[in-house]
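The sequence and the structure come next, and the description follows them.

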Amino acid sequence: MNEKTALHPALSISGASCQGCVRNIRSALEPLIGGANQVEVSLDQQTVALPEGIDTAEAARLVTDAGYPAKPLGNSSDMKPDQDSVEHDHSDQAHSDKDGHGDGKGDGDQITLTVSGATCASCVNTIEKALKSVKGITGAHMNLADNTATATGHADSQALIRAVESAGYGASVIEDPDAADDQKQADDRKRYRDLLVKMTVSLGLGIGLMAYGMGFGTMMVTEANQWTWINLGILTLAVMVTTGGHFYTGAWKAFRHHNANMDTLIALGTATAWLYSIVVASVPGALPEMARHVYFEASAMIIGLINLGQALELRAKGKTSEAVRRLLDLRAKTARVIRDGEEQDLPVDQVRVDDLIRVRPGEKLPVDGEITEGNTRIDESMLTGEPMPVSKREGDEVSAGTLNTHGSIIYKATRVGSETALAQIIRLVKKAQGSKPAIGRLADTISSVFVPTVMLIAVLAALVWYNVGPEPAVVHMMVAATTVLIIACPCALGLATPMSVMVGVGKAAEYGALIRQGDALQTAGKLDLVILDKTGTITEGHPAVTRFHAVNEDTGRLLALAAGLEQHSEHPLAEAIMAKAKEQNVSPDKVTGFEALNGKGVKGELDGKAVRLGNRKWLESEGVTLDGLAEEADAIAAEAGTPLFLTFGDEAVGVIGVADAVKQDSEAAIRRLHDAGIRVMMVTGDVDATARAIARKTGIDDYRAEVLPEDKATIVSEMRGKGFTVAMVGDGINDAPALAAADVGFAIGTGTDVAIESAGITLMRGSLHGVADAIEISRATVRNIHQNLFGAFIYNSLGIPVAAGLLYPVWGLLMSPILAGAAMSASSVTVVTNANRLRLFKTSHNASKERNQ
Amino acid sequence: MSTLLVNAGGLLLMAAIVWWFWLSPSADSESGHDHSHHH
C-alpha cells in the first residue's frame, strides 16, 4: 500500500452496485495496472480511479468485458458524478420515475419491476434474459421469492415491461415501494383464494371422474359409454382451461421465445393425457382393446394438485418476508409536531427537517433527530438488536422506529421520510433479500437447460416403451411420457436459494446485522480468519476508568479528590474520571487553583494542601513516595491502562487506572469465533505492549501493532494471499479500504448510519457478538440452501427415472401421472417449508442467554 | 409400418426440441449476451 501512487478518476462505469462488483472490476484491471490496490472504485459516483499514465481506453475495455460498461472520462464535465445515479442507488426507483429523473437515464440505474406469472428457475432465466436483451441494460436479476426483477443500466422502463410481457409474464414498475408492499399483500391474498377455488374445481372433477370410473367399474371406453366419455372429456377440457389456463398461455409465450419452463411441462403433460383420452373416446376402434383407457381424471387432478402446491407456496412465501414487514410496522403513522409554539398531530410524511417533535413515554419516534429537551431511555432493540433501553439526554441522536420507554422528550428532526435510518435499513434488507449468492446462480444455469432435456427424456421414454414395453404399449408410452413431464418441474430448484436467502437476511437483521449482498451472506459462512480493528471494535473507543485503588481503602475520597481536580479539565482522561465518579455517586471536592502540566498531570489545591494527579515520574520528583501502590500500578499497566497517581499534600492517596476499556462482551464474542473454528487477529496503531495486553486479555490469536490505518488493507490482502477467507471488522470510515479489501467487511457499531458502502455487513450495535451472530446465521442459511438444492436435485434425479419406468422391469411399477403431480407439488412445498425452518434459528449467544434465564 | 412411423415421429420430435431450444438463432443470440452478473 505504501507504494500506492495518487489515483485520478479515469473511467465512468455503470452497473456496479456492491463490493462484489468492486472486486470484479479490480481483478479485471489487475493485469493492466499491476496491482488491485492501485484501483479505486466509487460506487456512489460510478467511477474508477487509476494511477497516471494508464491506457484508459484499454482499461475501459477490460471493465466493460467484466460486465460493467465503462468509458474513459475525457473532460472535466465527465468527471462530475451523475447525480441521478447517486440518488437512484440509494433511493427507491419509484422516486426517480416520479421526480422526472426517471426512466433510467443515469448510468448504473436500477429499475425494479414486479413480475407476475414466474413460477420456477426457468422463468427466472427467461425473464433475466428478456431484460438483458433490452438495449442499455447491463444486468438483470429476478427474485422468485418476492417476484421482483431489478434491471441495471439505462433504459426506458416501458421497454423493460414490454420485454418481460413478450416473454410471457406480466410486469409493472414499482412506483411507491410502500404502496407496492401493501398492494402485493392484497394481490397475494386474492391469488391465494383464486388458487384454492381453482384447486377445488379441478380436484373435484378429477376425484369425481375417478369415482365415476370406479363406480361403474371401468375407465375403459366401450360402445355403451363412448358418448358419456366424450362429454366428460369436453367438461374436463373446460375445467382445464378455466382452472389451468395460465399454464397453457405461459407455456405458449415461452415457447414462442424458444424457452421452456415449468408451465411447458405441465401444459405438455396434461395436454398429452387429455389428447390421448379424447382420441380413445372418439375413435376407440383405432386402438387395441386393452389401450382404450381414458386419463381425463389425471389431467384435472394434476392441475388441481399443482394449484394446491402453488397456494401453499404462496402462503409460506408470505411468512419469509416477515422480517421486512416487522420493520415496516415500526414506522409511526403520526408525529406530534410543535410549530410556532403550537402542538399538532401531523401525518409522518408531513414532518420537515428542523421540526420540533414531542414524544411521550410509550410512543414510537416518527423520524430521526436530536434531543433538545428532556432525558429518557429509548428501546432501540428493533434497530440494533441491543436488548437494554439506552439512556438519552439533550444533544443525543435518536432514530425513527425506536420506542421511548421512559420520559417525555422534545427533539429536532434531522432526517425525515426515506432518509431516516429505518427507511435505509428497510431498503437495504429488501435489496439484500433479493440478491442471489453464487450458489443460486448455479441452479439457474442448470435449470435453463433442464426443461428441454426433460422433454427429450419424455419422448425417449415413450419410444422405449413403445418398442420394448409390454402391451398395451401405447398406453404405457403415454403414461411414461406424461409422468416424466409432470414430475420434472424445476420449481423446487428455482425456490431453493431465494427462499433461504430471504429468511437468512431477515434473521440477520433481527440480530442487528444488515447484510448488503447475498454474496456476503454466503462468504460469511466460509470465513476462517477474522481481523479486528482495536479501537472502537474490541475496545469502547474512548478512555474509561478500569481500576482504582486507595491506600486506606477509602475509594470515595480518592474519586472525590480526583473528580474535584478533573472537573476543571476537558481532557478525555478527565471525562473518564468524572464519569466514574458520577457512576459511583461521588460528588467532586471543591478543588481550586487548577493547573494542567503538560506530560506530567494536573494539580490544584484543597484546604491549603496541594492535590496532584499524574504520572509516577512527576510525583516522585515532587518527593511523594508511591511504593505502596506499585503492585496495583503494574496490574493496570499489564491491562494496557495508564496508572494515574493521586497525592494529597505529601501523602499518596491512591491510583486510578484509565484505559480504552475492552468492551464487556468482546472476550465472549471472540471465544464464540474460536468455537466456530475461526482464527482471530487484531490490527492496531497502538504500541506493541498495549496490543499484547489486549490480545492476552481477550484471547486473540495474533496481532499486528503500530499499523498505520492505510496499511490495514495491505494486511488483509496479505492474509487473503495466504489462503485465508478473511473478514475485516472495523468502523466504516477509517477502515473503509480494509473493509473493502476483505472477503467480507463488517462495519461495526455504526449505530444508525447504515449507508456504508465499503462493508458487506453492517452491524447496528457495537458488540462483537454481531460478527459471530452473522457468521452463525450465514452458516445456517448456506446449510439450508444446500439442503434445499440437494433435495430438489435428488427429487428430480430420482423422480425422472422412476417416472420413465425404470422400476418396471424390476418390480413391475409404473408411476401414475397423478402421483407425479402430487410429488411435484410436495417438493416445492418442502423446499419452502425448509427455508421457513430458518426462522426458528437462534444463534449460540441467544440460545445460551435463554438457557440462563 | 406403424412402428416405423412412431419411431420416426419420435426422433423427429426430439430433433425439433433440440433445434428449437438450443440451435435456433434467437436462443443463441440471447444467451451470448448473458453476463454472469448478479444484479
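## Overview of the chain

A residue is called buried when its relative accessible area is under 20%, exposed when that area is over 50%, and partly exposed in between, with a 1.4 Å probe and protein chains only. The model is a predicted one, in which local features need pLDDT of at least 70 and side-chain atom pairs count only at pLDDT 80 or more, while totals for chains, interfaces and linings use all residues. Residues are numbered from 1 along each chain as its sequence is written, chains are lettered from A and ligands numbered from 1 in the order in which they are written, and side-chain values use heavy atoms, with hydrogens and water left out.

Of the 853 residues in chain A, 55% are buried. The accessible surface of the chain (Shrake-Rupley method, 1.4 Å probe, with only the protein chains shown counting as cover for residues) is about 35000 Å², and carbon and sulfur atoms supply 54% of it. Chain A has 31 helices and 30 strands, where helices (H or I, at least four residues) and strands (E, at least two) are DSSP runs numbered from the N terminus. A contact means heavy atoms within 4.5 Å, and among contacts in chain A with a separation of 6 or more, 70% join residues 24 or more positions apart.

Two strands are said to pair if DSSP finds at least two bridges between them. Six strands of chain A form an open sheet in the order β10-β9-β11-β17-β12-β15, with antiparallel pairing. Its edges are β10 (342-347) and β15 (397-398) of chain A, each of which pairs on one side only.

Within this sheet, β9 (residues 334-339) and β11 (residues 356-359) of chain A are joined in the antiparallel sense over three bridges, and Val337(A) has Ile357(A) in β11(A) as its bridge partner.

## Helices α16 and α28

Helix α16 (residues 473-487) and helix α28 (residues 769-804) of chain A have axes that come within 8 Å and cross at roughly 170°; such axes are lines fitted to C-alpha atoms over the stretch in contact, with angles from 0 to 180 degrees between N-to-C directions. Because of that crossing angle, α16(A) is roughly antiparallel to α28(A), a term that applies to angles over 145 degrees. Among the residues that make the contact are Ala480(A) and Val484(A) of α16(A), and Tyr795(A) and Ile800(A) of α28(A).

Ile777(A) is also placed in helix α28 of chain A, and it is buried, with a relative accessible area of 2%. Leaving out residues up to four places away in sequence, Ile777(A) touches Gly504(A), Lys507(A), Ala508(A), Tyr511(A), Phe841(A) and Thr843(A). The C-alpha atoms of Ile777(A) and Phe841(A) are 7.8 Å apart, although the two residues are 64 residues apart in sequence.

## Residues with positive phi

Asp607(A), a residue other than glycine, has a positive phi near 50°. Asp607(A) lies in the loop between β22 (601-606) and β23 (609-614) of chain A, where it is exposed with a relative accessible area of 70%.

Glu706(A), likewise not a glycine, has a positive phi of about 55°. Glu706(A) is found in the loop between β27 (702-704) and α26 (712-721) of chain A, and its relative accessibility of 56% makes it exposed.

Notes: Angles under 35 degrees count as roughly parallel, over 145 as roughly antiparallel, 65 to 115 as roughly perpendicular and the rest as oblique.
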